[in-house]
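Subject: Structure handover

Hello,

Here is the structure I promised to pass on. Please open it beside this email and follow along.

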Amino acid sequence: MIISFLFAFLFSAASHAEATSTDSFSQRFKNLGFHAGSHTEFIGRVQTDENGGTEKFAFNPLIGFSTDVKMTDDWMIIPELNWVLPREAGEGVTQNLIMLRTDFAWRGSDWWRLRVGTSLMVNNIKGEGGSKELNNGNGTSRFYIPAESRTSVNNTLDLGAEAILEDFGIRFQTYIYSVLKSERREISYTLMFSYYYDLGE
Amino acid sequence: MKFLFSFLLLPTLAQAFTLNNSIGARFKEKEVNVRVGMNPTPCDNVDLDEVSGLLSEAMDNFWNKVSTSRLELKTSGSENTGDDNYWTGELCLSGGACGGTPIPAPNDIIVTCNKNTTNFPGGSSLLALTLPNDISGKDIKGAVVLINDTNGSFGALSSKDKVAVIAHEVGHAIGLGHSEESSALMFYKVVPTRTNLGRDDRLGVTYLYPVQVDLFGAGCFLGTISTLKSGDGDGDGGGTNTFWPTALMGLLLALVFKRTKKET
Ligand SMILES: [Zn+2]
């Protein structure tokens, strides 16, 4: 998985180098972005209490990095890698979410830009195995804690808006799951802060 | 490193989903049928026509809504059970003895009424139960959900609660155990208002039935359904399943780079 992404990335970088041999590296790769924020999964679709309340915001720390690659004066393409830090899902179960992303960004002015892009949402659920006695409504029964590592991979359509002040950015980034299948269409989002390290012109 | 990893774990959530068997068995097919089981004689207290009408709501409002799960529960038609009051010992489990008693057809989940006192001892407060799944290897072959017909407690529920009870039992039928969190549908009792699955339920169904590269939800399970064998556990990561989409993404990048060269 990771390898195929790296392959794809290297492939694109290599063909870029070939195609733009007269440009310097830094003219294309404008900067490196470092991101930190909080990720909320599936707005309005996750019940959080006994009374039907659903999750609108969750504090799930996310870190990531990216690079802006200039296409034209107003357009850029932005490969990005984000990681929602491991979340414990009870005893012995851990969830890990990695996003392999690419955005096309349009710069509206010096201080804001819009993004449209796509992600591979690599979502791993890993259990340590074991079992426990739990209430079954009529006494208790033995239930089992998952013992394997399994991964779901979704392809999402992503829309984002970002405000930029000098080297810093603040972004509202959404990810639409199952765009073409309305019954399963769900939206996650990240609120994130970014620092852009300029690679120079 | 181990220490660092533990440190990063957020201790804020105490939820946990469980499985109803130790081997993590699940249905092999992406589509599983949920049918009303028709007994030779009518139920005393349960209206199976009503149950039939609630089945699709129970599936579509819960298990069929999860974007990270490939499982699709189809509600269609009914299946004759041939017996009114069967219990676990009478199930035709794979490889086991079978006394001509009901077994769900392969890839089916049956929902029906039952008044066998082995299942529902006198005065039982249970609303419904799911018999142990018919498992072969690491595949669930079929499952039977029984609604308590020894008293009128199921019938007295609101239709929303009936939907939640059916959806909970089908959760067992697809391989899930109970959660300790009352936010979860797989909590052992019906909560005042059930609108959605909880995080636990979602993790559980995703663990058992993970989507692998569903291109924008279009149903393009690239090379996964055919290669997904029973009990392969999906391994750690997507393997070759995600190669082409990522390579495609790279190709797109490459094309864009080439184009920009001409423009500048
Ligand atoms: Zn239960």
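Start in chain A, with A:Gly160. This residue sits in strand E8 (residues 149-165) of chain A. Keep in mind that the model is predicted. A:Gly160 is buried, with a relative accessible area of 10%. Buried here means under 20%, so A:Gly160 qualifies. Neighbours within four places in sequence aside, A:Gly160 is in contact with A:Arg113, A:Leu114, A:Arg115, A:Phe172 and A:Gln173.

Next, chain B. Its secondary structure comes to 5 helices and 8 strands. Along the sequence, the pattern reads α-β-β-α-β-β-β-β-β-α-α-β-α. Chain B has 264 residues, and 55% of them are buried. Take the contacts in chain B between residues at least 6 apart in sequence: 74% of these join residues at least 24 apart.

The disulfide

How many disulfides are there over all chains? The count is 1. The disulfide is formed by B:Cys43 and B:Cys113, with sulfur atoms 2.1 Å apart. B:Cys43 lies in the loop between strand E2 (31-38) and helix H2 (48-60) of chain B, while B:Cys113 is in strand E4 (residues 108-114) of chain B. They are 70 residues apart, so the pair links distant parts of the chain. As a reminder, a disulfide is a covalent bond between the sulfur atoms of two cysteines. The link of B:Cys43 and B:Cys113 is left-handed, with -90° about the S-S bond. Both ends are buried: B:Cys43 has a relative accessible area of 17%, and B:Cys113 is at 2%.

B:His172 and B:His178 are buried.

B:Ser179

B:Ser179 is in the loop between helix H3 (159-173) and helix H4 (199-208) of chain B. Is B:Ser179 buried or exposed? B:Ser179 counts as buried, because its relative accessibility is 4%. Its side chain makes a polar contact with the side chain of B:Asp200, at 2.4 Å. The B:Ser179 side chain also reaches the backbone nitrogen of B:Glu181, at 3.0 Å. Beyond four places in sequence, B:Ser179 is in contact with B:Ala16, B:Ala184, B:Met186, B:Phe187, B:Tyr188 and B:Asp200.

H3(B) has 15 residues, and 13 of them are buried, so the helix is largely enclosed by the rest of the structure. At 1.5 Å a residue, H3(B) should span 21 Å. Its end C-alpha atoms are 21 Å apart, which agrees. After H3(B) comes B:Gly175, which has a positive phi, near 120°.

H4(B) is also largely enclosed by the rest of the structure, because 10 of its 10 residues are buried. Among them are B:Arg199, B:Asp201, B:Arg202 and B:Tyr207. B:Asp200, the partner of B:Ser179, is another buried residue of H4(B). What do the buried residues of H4(B) pack against? In chain A, they pack against strand E3 (75-88), strand E4 (93-107), strand E5 (112-127), E8 and strand E10 (186-198). In chain B, they pack against strand E1 (26-27).

The nonpolar cores

The largest nonpolar core has 51 residues. Those with the most contacts inside it are B:Val51, B:Trp63, B:Leu73, B:Ile109, B:Ile166, B:Val170 and B:Ile174. In chain B, E2, H2, E4, strand E7 (139-148), H3 and H4 each give two or more residues to this core. Which element gives the most? H3(B) does, with 7 residues. Take B:Ile166 as an example. Leaving out neighbours within four places in sequence, B:Ile166 is in contact with B:Val51, B:Leu54, B:Leu55, B:Ala58, B:Met59 and B:Phe154. A second, separate core has 10 residues, including A:Val46, A:Val84, A:Tyr175 and A:Tyr177.

Best wishes

Notes:
Residues are numbered from 1 along each chain as its sequence is written. Chains are lettered from A and ligands numbered from 1 in the order in which they are written. This is a predicted model: local features need pLDDT of at least 70, side-chain atom pairs count only at pLDDT 80 or more; totals for chains, interfaces and linings use all residues. Side-chain values use heavy atoms; hydrogens and water are left out. A disulfide is a pair of cysteine sulfur atoms within 2.5 Å. Helices (H or I, at least four residues) and strands (E, at least two) are DSSP runs, numbered from the N terminus. Buried means under 20% relative accessible area, exposed over 50%, partly exposed in between (1.4 Å probe, protein chains only). A polar contact is a pair of N or O atoms within 3.5 Å; within protein, one must be able to donate a hydrogen and the other to accept it, and residues adjacent in sequence count only if both atoms are side-chain atoms. Contact means heavy atoms within 4.5 Å. The expected span of a helix is 1.5 Å times one less than its number of residues. A nonpolar core is a set of buried Ala, Val, Leu, Ile, Met, Phe, Trp, Tyr and Cys residues joined through side-chain atoms within 4.5 Å.
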